[in-house]
Amino acid sequence: MERTQIDDEYSYLQHVYAHAPFGIAMITRKGIWVKANPALTRILGYSVEELKKKRFDKLIYPDDLQRNISQLKALLQNYPEQNEIEVEGRYVRKDGRIVWASVHISLMPDKAGTPQYYIVTVNDISQNKAAEQKLQETVERYTSLKRYNHDAIISLDLNGNILNANTRAEQMTGCHVSEMAGRSIARFIGERNLQRVLREALDNPAIEQEINTIRHKDGHMVEVITTLAPIIINNKNVGFYIIAKDFTEQRQLIMAKELAENTNKAKSEFLAMMSHEIRTPMNGVIGMTDLLETTTELDDEQKEYIEIIRKSGETLLAIINDILDFSKVEAGMTELQEDELDVKLCIQETLDVLSARASAKQLEMSFSVDEDIPELLYGDSKRLKQVLMNLVGNAVKFTLHGGITVSARKLYEEGDLVNLEFKVSDTGIGIPDNKLEAIFEPFSQVDNFMTRNYEGTGLGLAISKKLVNVMGGSIWVEKKEGPGTTFVFTVLLRKYDQPRNPKDCKDQHKSDADPLNILIAEDNEINQIVLRKMLEKQGHTVTVVTNGHDVLRTVEQSSYDVVFMDVQMPGLNGLEATRKLRASLPKDKCPMIVAVTANALKEDRDICLTAGMDDYISKPVKSQPVLAVLERVIRERELKTR
């Protein structure tokens, strides 16, 4: 072969190697890259130098690795009878994206015929795979829609012959798909209707209204509401869908609904009457019990008996009140008593009432109100608090660990109306999916599935739903995975333009002593606001940080009289931050450190004091223990200055 011809062939091969649209590489049997053409570097995103530093198997998507290794082992074992394979799989680019590739691998032997290198060609088929996946998803969506539809769906060709049908169509006609396929739909809808469908369906939508029955295999007629839909492929009509809803079932449902409504109305009237009859003597029982406790001398045993009677009476009265309230709502007798309404105050008062129960279970309660909600609105604050009380009360009842969060946000304003959304979230036992639809029904209790571990009438949520509806809103449960429950409800309130009544504005007591310089270490924004406002209203200067590292930096830069230290914080928790402060500052320069925690057991208090904290208050934070801490700081400061 002449030199010129050899050079031309070499140039040709070099050109193909450099400009081929597919990747070409030489790799050792150990997976070390020897050569890679430009197309391969574009496909994988690595330069040749970077590839030479990585083993080939490190680029294979982890789920595909074992299959690739098995195929290569088989290739080596079957050599020389087999010297090449085709594989399809995923590879990881430098930027982390996944590339689908069709890969051809052949063995290149040395002069002795021993396999020495893999010659690899790589075609990027990611776009093809994406298109296949979209097509598959479309087919699966269509199949699922058809298979699980509650209506009968039958597809026809342009001659009226049945092509396919779903399970509901089989039930409605009594025929399996195999019995229907290829036969005329006329056996089910009549020849006249079929001819009108074929002639007029594209131009006359009223045709579907005339198909109001489907003939069952046994001869009886099924009343239906029918929809006709043309099947269009490549802009050409190739057939029709007949979609038939069984109106017999719908009519039965309507009748059952009317019967249930009448039954509920009668039940509500009966409950209202009976509740009133029971309430009168119950007031006597409770009133007389109260007189016995407050106006007569009782020994310890008698006091115990009277206390049991009083608590039992109050429990029974609470149940009666629930029934009365529900009966009034059911009868449409609930009227809203609208006046000025402070959203933040409604939530705060609700949490205050339930704080003792929450503290007894060591539950943390917090709330947030978006800043764009007006300070005052016009609505029924009593009814709003009743809904909140029911939801938060349930949250406390069904939560063993963690806490409850209440939030309010504005959805929209329209004219003088303001639509608000409230959320009550807890970390409790949660609600099974199969119970979600029933929990707002009267006398239905969340814990029926739990062997009655929790007492109550089962009316709280039903009453809440009715009250929310009266206030122009709705209520539901957010679906979520894992434990915990989030109730969401909306209400419509009106804007309130009048100024707040001066008699409602009470001056907050401020300390006559010099204000203190106070640091709050708390990562929860709501808890920050509550404690900061509580302290600032006393006239003190407050700084807020969110973690233990910031505590150390802030105390190093400024002098503080007291630090309210949250125990659980990100980065550096309150206990570690306290230890570091005590170790780094002289005793006379170190501020008083007060633990603030949701844990209220004696062991938790001991842990905080052992870490070097001076005092301990539990969440939810109330003003009385905070004021007690401040008074202690002020007294100690006065003693030092004498």
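## Close-up views of a predicted model

**View 1. W33, F56 and Y91 form one aromatic cluster.** The model is predicted. Aromatic pairs number five in the structure. In one of them, the ring centres of W33 and F56 lie 5.6 Å apart and the planes meet at 65°, so this pair is edge-to-face. The pair bridges distant parts of the chain. W33 belongs to strand β2, residues 33–36. F56 sits in the loop that runs between α3 (48–52) and α4 (62–78). The two residues are 23 residues apart. Both W33 and F56 are buried.

**View 2. F56 also pairs with Y91.** Is this second pair stacked, tilted or edge-to-face? The pair is tilted, with 6.2 Å from centre to centre and 40° between the planes. An angle of that size falls in the tilted class because stacked planes are under 30 degrees apart and edge-to-face planes over 60. F56 is in the loop between α3 and α4, while Y91 is in strand β3 (residues 84–92), so the pair ties together parts that are 35 residues apart in sequence. F56 has a relative accessible area of 12% and is buried. Y91 is buried too, at 5% relative accessibility.

**View 3. A lysine charge sits over a tryptophan ring.** The lysine is K129 and the ring is that of W100. How far is the charged end of K129 from the ring centre? The distance is 4.5 Å.

View 4. Which residues does V120 contact, leaving aside its neighbours within four places in sequence? They are G23, I24, A25, I27, V103, H104 and I105. One of these, G23, is 97 residues away from V120 along the chain. The C-alpha atoms of V120 and G23 are separated by 7.8 Å.

**View 5. A cis peptide bond joins Y79 and P80.** Omega is about 10°. P80 lies in the loop between α4 and β3. Most peptide bonds are trans.

View 6. N234 has a positive phi of about 55°, although it is not a glycine. N235 also has a positive phi, near 60°, and is likewise a residue other than glycine. Most residues other than glycine have a negative phi. N235 counts as exposed at 79% relative accessibility.

**View 7. Helix α14 packs against helix α15.** Helix α14 spans residues 381–397 and helix α15 spans residues 460–470. The packing angle is about 150°, and the axes are 9 Å apart. The crossing is left-handed. Which residues make the contact? From α14 come R383, Q386, V387, N390, L391 and N394. From α15 come G460, L461, I463, S464, L467 and V468.

**View 8. Helices α17 and α18 are roughly parallel to each other.** Helix α17 holds residues 548–557, and helix α18 holds residues 574–584. Their axes come within 9 Å and cross at roughly 25°. Angles under 35 degrees count as roughly parallel, which means that this pair qualifies. The crossing of α17 past α18 is right-handed. On α17 the contact is made by G548, V551, L552 and V555. On α18 it is made by A577, K580 and L581.

**View 9. The whole chain has 20 helices and 22 strands.** The chain has 642 residues. What share of them counts as buried? The share is 38%. Contacts between residues at least 6 apart in sequence were also classed by separation. Of these, 57% join residues at least 24 apart.

Notes. Residues numbered from 1 in each chain as written. Predicted model: local features only at pLDDT ≥ 70, side-chain atom pairs only at ≥ 80, totals over all residues. Heavy atoms only, no water. Phe/Tyr/Trp six-rings, centres within 6.5 Å; stacked < 30°, edge-to-face > 60°. Helix = DSSP H or I, 4+ residues; strand = E, 2+ residues; numbered from the N terminus. Buried < 20%, exposed > 50% of the residue type's maximum accessible area, 1.4 Å probe, protein only. Lys NZ or Arg CZ within 6 Å of the ring centre and 35° of its normal. Axes fitted to C-alpha atoms, helices over the stretch in contact; angles between N-to-C directions. Parallel < 35°, antiparallel > 145°, perpendicular 65-115°, else oblique. Left-handed = near helix turned anticlockwise from the far one by under 90°. Contact = heavy atoms within 4.5 Å.
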